[in-house]
Amino acid sequence: MSSSLIPPTPSAADYANSGDRPLIPETTDPIGLFQAWIADARVAEPNDSNAMSLATVDADGNPDVRIVLLKGVDADGFTFFTNLESAKGVQLAARPNAALGFHWKSLRRQVRIRGSVTRVSDAEADTYFASRAAQSRISAAASDQSRPLANRAVFEQRVAEISSIYGDSADIPRPPFWGGYRLAPTEIEFWQDQNFRMHDRLKLYRKGDGWVSLRLYP
C-alpha cells in the first residue's frame, strides 16, 4: 500500500497555524447541544450537514454501516427514513438497536450516538414522504433497495412506468414498504478536535429521566 496516498501527520507549524478551538461546554442537555452543533454545521458544511453513519448488525452478528440523512431531532430522538425492506430495515426489524456517527470536517467535530430504534407512525412517514420532490417519491416507489438489480435499465424502466402514471402529481402515495425510524439515545458522545491530538470528549448517558456527563481521555 502506498503511504503517499495518506495525508501526512500535522507538524507543530500546522497546529500553530490552525489555532485553538473551544472546549465542549459542560451540559446535561445533549439534545440541545447537538441541535446547536448541527446548526453550526448547516452553515459551515458545503453539503449534507445532516449526513450520518448508521451502524446495525445482521443476522450473523456482523456489523454493517452506511450513510443516511437525519430528518429530525428532538427530545424523543433522531429520525430518518428509508425502504423498510432494505438491508438496514431487515436488520433493524431483527435487532432494533443502532449507532449513529456524525463527522463535520469543516468544524472538526464528531458526535457518536447509541440507542434503541422504533418505527415512526404511518402519519409521520406520510407527512415526510409528501414533502419530497415528485421524482424522489417515484424513485423510492420503484426501488427494491439493497436487493440485486440485473442492470440499470430495469430500474429506469420502473421509474418511467410509475412516472407515466403520476407525472409530477402531488398525490404520489407512500409505498407500504417505505417508512421511518427513530433512535432513542441512551448514550451521546461529543468530540472536538484539539491541537496535538489532545482532543476534547464529553460523553453523556441516560440515568432515569435525565443525563449524566463525564469527560473522556482523548
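Glu156 and Arg152 are both part of helix 6, where four residues, or about one turn of the helix, separate them; helices here are DSSP runs of H or I with at least four residues, strands are runs of E with at least two, and both are numbered from the N terminus. The model is predicted, so that local features need pLDDT of at least 70 and side-chain atom pairs count only at pLDDT 80 or more, while totals for chains, interfaces and linings use all residues. Residues are numbered from 1 along each chain as its sequence is written, and side-chain values use heavy atoms, with hydrogens and water left out.

Glu156 and Arg152 form a salt bridge whose closest N and O atoms are 3.6 Å apart, a salt bridge being a side-chain nitrogen of Lys or Arg within 4 Å of a carboxyl oxygen of Asp or Glu. Arg152 is exposed at a relative accessible area of 54%, whereas Glu156, at 45%, counts as partly exposed (buried means under 20% relative accessible area, exposed over 50%, and partly exposed in between, with a 1.4 Å probe and protein chains only).

## Other salt bridges

Across the whole structure, a search finds 16 salt bridges. Among them, Arg174 pairs with Asp126 at 2.6 Å between the closest N and O atoms. Because Arg174 lies in the loop between helix 6 and strand 7 (178-192) and Asp126 in helix 4 (residues 122-131), this pair ties together parts that are 48 residues apart in sequence. Arg174 is buried, with a relative accessible area of 18%, while Asp126 is partly exposed at 37%.

Arg66 and Asp64 also meet through their side chains in a salt bridge, at 3.4 Å from N to O; Arg66 is buried at 17% relative accessible area, and Asp64 is partly exposed at 30%.

## Packing of helix 5 on helix 6

The axes of helix 5 (residues 134-142) and helix 6 (residues 152-166) come within 9 Å and cross at roughly 125 degrees, the axes being lines fitted to C-alpha atoms over the stretch in contact, with angles running from 0 to 180 degrees between N-to-C directions. Helix 5 is therefore oblique to helix 6 (under 35 degrees counts as roughly parallel, over 145 as roughly antiparallel, 65 to 115 as roughly perpendicular, and the rest as oblique).

The contact, defined by heavy atoms within 4.5 Å, involves Gln135, Ile138, Ser139, Ala141 and Ala142 of helix 5 together with Phe155, Arg158, Val159, Ile162 and Ser163 of helix 6.
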